[in-house]
Protein chains: 2
Amino acid sequence: MSAKLIKGTEIREQILEEITAEVAKIKEDHGKVPGLVTILVGENPASISYVTLKIKTAHRVGFNEIQDTQPIDISEDDLLALIDKYNKDDSINGILVQLPLPKHIDDKKILNAIDPDKDVDGFHPVNVGRLMIGGDEVKFPPCTPAGIQEMIVRAGVETSGAEVVVVGRSNIVGKPIANMMVQKGKGANSTVTIVHTRTKDLAAHCKRADILIVAAGVPELVKPEWIKPGACVIDVGVNRVGEKISEKTGKKVAVLRGDVDFEKAKEIAGYITPVPGGVGPMTITMLMLNTLKSLKFKLGIE
Amino acid sequence: MSAKLIKGTEIREQILEEITAEVAKIKEDHGKVPGLVTILVGENPASISYVTLKIKTAHRVGFNEIQDTQPIDISEDDLLALIDKYNKDDSINGILVQLPLPKHIDDKKILNAIDPDKDVDGFHPVNVGRLMIGGDEVKFPPCTPAGIQEMIVRAGVETSGAEVVVVGRSNIVGKPIANMMVQKGKGANSTVTIVHTRTKDLAAHCKRADILIVAAGVPELVKPEWIKPGACVIDVGVNRVGEKISEKTGKKVAVLRGDVDFEKAKEIAGYITPVPGGVGPMTITMLMLNTLKSLKFKLGIE
């Protein structure tokens, strides 16, 4: 094992402590705490578990958190009216609508109805545009890419002038992280290449990466020999490749693999994120940071 | 001379003819023509000449064109009210505000006040976001990058799987064209790298480009030996490097150079754009296409 592990679980704890301290300070100075509402339609078990974790984390850092559960047969108009209510509610700084929504509701219409100033997920076209424009324009970077950038910075990896290769061109990870790393400023200023399914020589691109960010959703796509010795490898993939009996609980749990062959890659890379416990824990953490930022924008202290 | 010249002046004529025919057809079928207003504040000679060219082109393709000139001391509020008037005017499909604006007016505030559905320049954050999201989401791609993509497609250059290297990370050209070329779909699907002032080995990146798009604003930055034999070279630079007496008119005119050493590069490249007469003429052409699209969106025929 030569690579330094970048543990999302540890960085999460640092950041949540920083947020908790800042929330307490703002409460003292301004008498306000960030308000976060999570709207859940129906009872999809995966959604419930994800929403529960968001709410629990929001509670931990001292936010005012609301879980608003709606019946599966809520009409699109009623859901829009609900969003409008929270858009107008001064105590709410962040609005989340948990996906997937039932088929009779148009996802895009719902997400675009959220006030961009409360869109802490950062997926509204206005916030996507601000991200690409860069600089002071950026309000809420999307949470997973923001978490990736934060991990790279906190690991002490130099980004300025670094060759960054992003594997995957999704709207959730690949395209936003590429746009973030190419901007001027701290934690960025990189030379960025996006590779994807149509790329002719994936291996050659990976081999020249100082920072390799893999978000392809293909288990162990990146081979150890594709990794430049000493490179920083960020593995965003969370692929279920089977099941096993948990030693802790005796229950069946999923066997997870990243997009990188971790066991061999860690002997070559300089820094690497594990799966699980790498990028995963950063997403909700950055969601909390965006919600805090939203209140700070409103108070004029960011 | 081995490279095939990609002449913006010729492609402009083709596209303007296509637009003219389509405008006539829509007029016949729907009784409407695209309406374009250009707002000019003050009397900056370069702005006047640029606005005049836009108006002349709009007139040529059969648009309803309005040039609205305002005094240099117009207040920000009055300018916002003017934009609001055109936002609400059903006969207007595209609103342009010619930059630069006088210093007492906040550019960003003005541009963001334009209805995104009439933002035919494509610089409103909503349209920038839609561009990055890609697919059906895209309404008005910004004009210069859209022109570049159109030239590549019309020259018959294969983009799928091609190595595209973009030199420069501006919001006007570099970042949007990079985002466009990486998307799925026609004229795109490329592997894209953005290089810039912080890039360590500019030459090495240029050398592996099948399509090299240079928008750096540095005269002859790209050396002939950096060009891969047979590559498609798009030179966006328009640099004034001196003055000369025009043979035609006997008057002093600027000597223009691109970002690429054209004379030598054309012996190596497979395709190349000249400066002037390359990318330049495409910008206003694509502005006309966006204005036509705006009417078509409204009529539900795009």
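Two strands are taken to pair if DSSP finds at least two bridges between them. Helices (H or I, at least four residues) and strands (E, at least two) are DSSP runs, numbered from the N terminus. The model is predicted: local features need pLDDT of at least 70, side-chain atom pairs count only at pLDDT 80 or more, and totals for chains, interfaces and linings use all residues. Residues are numbered from 1 along each chain as its sequence is written, chains are lettered from A and ligands numbered from 1 in the order in which they are written, and side-chain values use heavy atoms, with hydrogens and water left out.

Chain A has ten helices and eleven strands. Its C-alpha trace spans about 55 × 45 × 40 Å along the principal axes.

An open sheet of twelve strands runs through both chains, in the order β1(A)-β11(A)-β8(A)-β7(A)-β5(A)-β6(A)-β6(B)-β5(B)-β7(B)-β8(B)-β11(B)-β1(B), with mixed pairing. β1 (4-5) of chain A and β1 (4-5) of chain B stand at the edges; each has a single partner strand, so one side of each is left without a neighbour in the sheet. β1(A) runs parallel to β11 (residues 271-272) of chain A, and two bridges join them. A:L5 has A:I272 in β11(A) as its bridge partner. The chains meet in the sheet at β6: strand β6 (residues 191-195) of chain A is antiparallel to β6(B), with three bridges between them. There A:T193 is partnered by B:T193.

Contact (heavy atoms within 4.5 Å) links 36 residues of chain B with 36 residues of chain A. Buried area is the accessible area (1.4 Å probe) that two parts lose on being put together, summed over both. The two chains bury about 3000 Å², 51% of it on carbon and sulfur atoms.

A salt bridge is a side-chain nitrogen of Lys or Arg within 4 Å of a carboxyl oxygen of Asp or Glu. Two salt bridges are counted between chain B and chain A. A:K108 and B:E137 form a salt bridge through their side chains, at 2.8 Å from N to O. On the side of chain B that touches chain A, the elements giving two or more residues are α4 (107-113), α5 (125-133), α7 (174-182) and β6 (191-195) of chain B. α5(B) gives the most, with eight residues.
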